[in-house]
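This briefing is meant for a reader who is meeting the structure for the first time. Please look over the sequence and the model before reading on.

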Amino acid sequence: MTLSIGFVGLGRMGRPMVAALQRAGFSVSSYDRSPEARSATPGSVDTLADVTGDVVVLMLPNSEIVESVLADPTFAAVRSGTVVIDMSSSEPASTCRLGEQLAAVGVHYLDAPVSGGVPRAENASLTVMAGGPSDVLERVRTVLDALGTVTHVGELGAGHAIKACNNVLVGVTLLASVEVLGIVRAFGVDPAVAFEVINNSTGRSWSSEHKVPTFVLTEQYRSGFGLGLLAKDMGIAVGLADGLGVEHELLASATDMWRRADAELSGDADHTSIAEWVAAQPVFVTRCVVTTVEQRWILDPDHTDAAMFVETRALDFTRGPSVVLVHGGGGQGTDWGTTPDGRAGWADLLVEQGFRVHVVDRPGHGRSPGRTPAPAALAMTARVFAPGARPEHTHSPEHTQWPGPGGVDDLAVRILAASATGLPADLVAAQRVEARLLGTLLEEIGPSAVVAHSLGACAAWLVAESRPDLVSAVVALEPAGPPYLDMPGTPLRLPAGITAAPLFHGARATGLTSVPVAIVEGDTSPMGAACGPVADFLRQAGVTVDHIVLAERGLRGNGHGLALELNNREVLGVVLDWIAANARTPSQLPETGEHS
């Protein structure tokens with residue numbers, strides 16, 4: 001008896017797969033929520049409830065949609081005795097979970113993702129990776145045979161695991177190929193000649209043999225497989241490796257690049273357009289040399305219980321001014337070292353570029369003595385950095401750069417909150433100490449660019465006003481504000497305008513008027529609204545300020561944690577471009593010892 005088939009998902013792959021099944025003689029009842037997709041597919045039905053079949057095939061974008069479709073109470077085709085085959089690229093853990101749930105109501109479940117793309121779907125020559133009970137597979141083998149070559153790879157979930165691993169190799173080899181393309185072009189070699197040689201040598205891959213010549217060198221970028229789907233598949237592999245405790249440093253790095261490209265390119269971008277994205281990235285030159293790491297405390301002679309921990313990082317070559325990184329609010333210096341999801345932070349990215357970097361822990365924070373317990377640190381961290389989709393928060397759905405879903409249950413939020421420290425009860429005294437110790441550090445290391453985040457910018461304003469001879473530039477990432485902020489019930493008060501400690505003698509600045517200043521704002525941050533008023537306050541005091549709105553530079557989706565988010569490299573690129581154009585050289589600095 002010929003099996004009847006219900007098919008859900010009529011995208012780029014689903015439509016030619018339905019056509020192949022129909023050519024093989026199967027009766028197919030197909031559905032997609034898109035009216036355009038349904039009208040382009042013979043035999044489609046108008047609702048999910050109208051889908052019928054002895055076998056149900058799912059070809060959907062991700063596990064979340066698969067779970068949603070299978071949970072739809074109108075989907076009557078999913079009933080006891082039915083075999084459901086998920087041919088999507090889904091998460092193995094979700095597949096195993098669904099298998100248990102369906103088995104409890106008598107539904108058989110297989111995972112059978114495919115490889116080969118649209119061309120092989122059209123000629124029914126896909127590679128099918130089937131996972132699940134072998135007896136169930138044999139019952140529906142004729143269906144899968146009509147689509148390509150079937151291999152039983154293991155128990156339920158194994159097919160999706162193999163598919164994720166396959167797409168890891170797709171993503172890594174394509175990235176490597178387009179970076180090689182940049183090298184040969186820069187050296188003046190004809191790319192077509194270079195890849196002809198490579199493809200007759202041991203470095204060849206499917207990406208170098210087919211994707212680069214067909215879609216990249218021709219600049220067509222129309223392979224039929226979306227960039228977002230490949231980024232999703234690579235993320236599945238990262239999650240699988242994490243769960244299994246398997247080393248995956250290369251995979252994590254490549255996945256980070258794919259995710260950043262997905263966030264920045266249009267939603268329908270083809271995965272081969274990664275070549276355009278890579279070519280447009282700022283150049284970060286990495287030198288394989290020994291890094292110098294020095295750690296020390298800067299002591300305040302007037303307050304024996306106050307100290308500032310400083311970690312200095314540098315390579316065997318330097319360029320540009322030294323950079324001092326000052327963390328915000330209740331954070332600590334490690335905020336600059338790595339992101340909550342384990343990517344390189346600004347400290348290492350700056351070192352890679354040849355800058356000598358000094359990371360400080362403000363007194364009472366991180367590795368500096370005098371820690372104050374942080375009240376409700378988890379809730380506060382979530383509210384400021386990544387509220388998530390919670391009704392009590394006014395969080396923009398456009399906040400796409402935070403490396404997690406947001407909210408108090410988000411692992412990235414919990415990691416950041418674990419290092420949080422409460423604000424000192426006397427913010428005026430604390431900021432005076434911070435500014436003195438920062439000035440002492442600058443006296444030791446020489447004129448530097450000070451990059452400060454949030455409440456850490458107060459110390460930057462104070463030291464730039466009092467010691468302009470030691471500050472080549474100030475970059476404030478969403479500084480504390482608005483001016484004269486007063487939050488009842490907390491120590492957070494700025495009676496001097498943009499600082500708690502007195503800043504100016506009178507209404508006008510003296511030292512800061514000669515210091516280049518940039519204020520950087522993210523487009524979805526709950527703290528971003530203060531950036532404009534802080535810039536206006538400084539301008540009224542005679543300070544020249546560049547207010548950099550990242551959205552106006554093409555960088556969207558950023559919240560308050562600009563240096564922690566998925567596009568932290570690109571945000572740093574904007575900052576470095578500004579520093580290169582504006583930071584003062586030693587000859588432009590005032591004479592040492594000028595104080596306000």
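Which residues of H17 are buried? In this predicted model, they are Ala457, Cys458, Ala459, Ala460, Trp461, Leu462, Val463, Ala464 and Glu465.

**Helix H17**
- Helix H17 spans residues 457-466 and is mostly covered, since nine of its 10 residues are buried.

**Thr82**
- Thr82 lies in the loop that runs between helix H3 (63-71) and strand S4 (83-86).
- Because its relative accessible area is 2%, and buried means under 20%, Thr82 counts as a buried residue.
- When neighbours within four places in sequence are set aside, Thr82 is in contact with Asp54, Val56, Ala77, Val107 and His108.

**Leu576**
- Leu576 belongs to helix H19, which covers residues 568-582.
- With a relative accessibility of 13%, Leu576 is likewise counted as buried.
- Apart from residues up to four places away in sequence, Leu576 touches Leu350, Gln353 and Phe355.
- Leu576 and Val475 are separated by 101 residues in sequence, while the distance between them in space is 9.9 Å, taken from C-alpha to C-alpha.

Key: Residues numbered from 1 in each chain as written. Predicted model: local features only at pLDDT ≥ 70, side-chain atom pairs only at ≥ 80, totals over all residues. Heavy atoms only, no water. Buried < 20%, exposed > 50% of the residue type's maximum accessible area, 1.4 Å probe, protein only. Helix = DSSP H or I, 4+ residues; strand = E, 2+ residues; numbered from the N terminus. Contact = heavy atoms within 4.5 Å.
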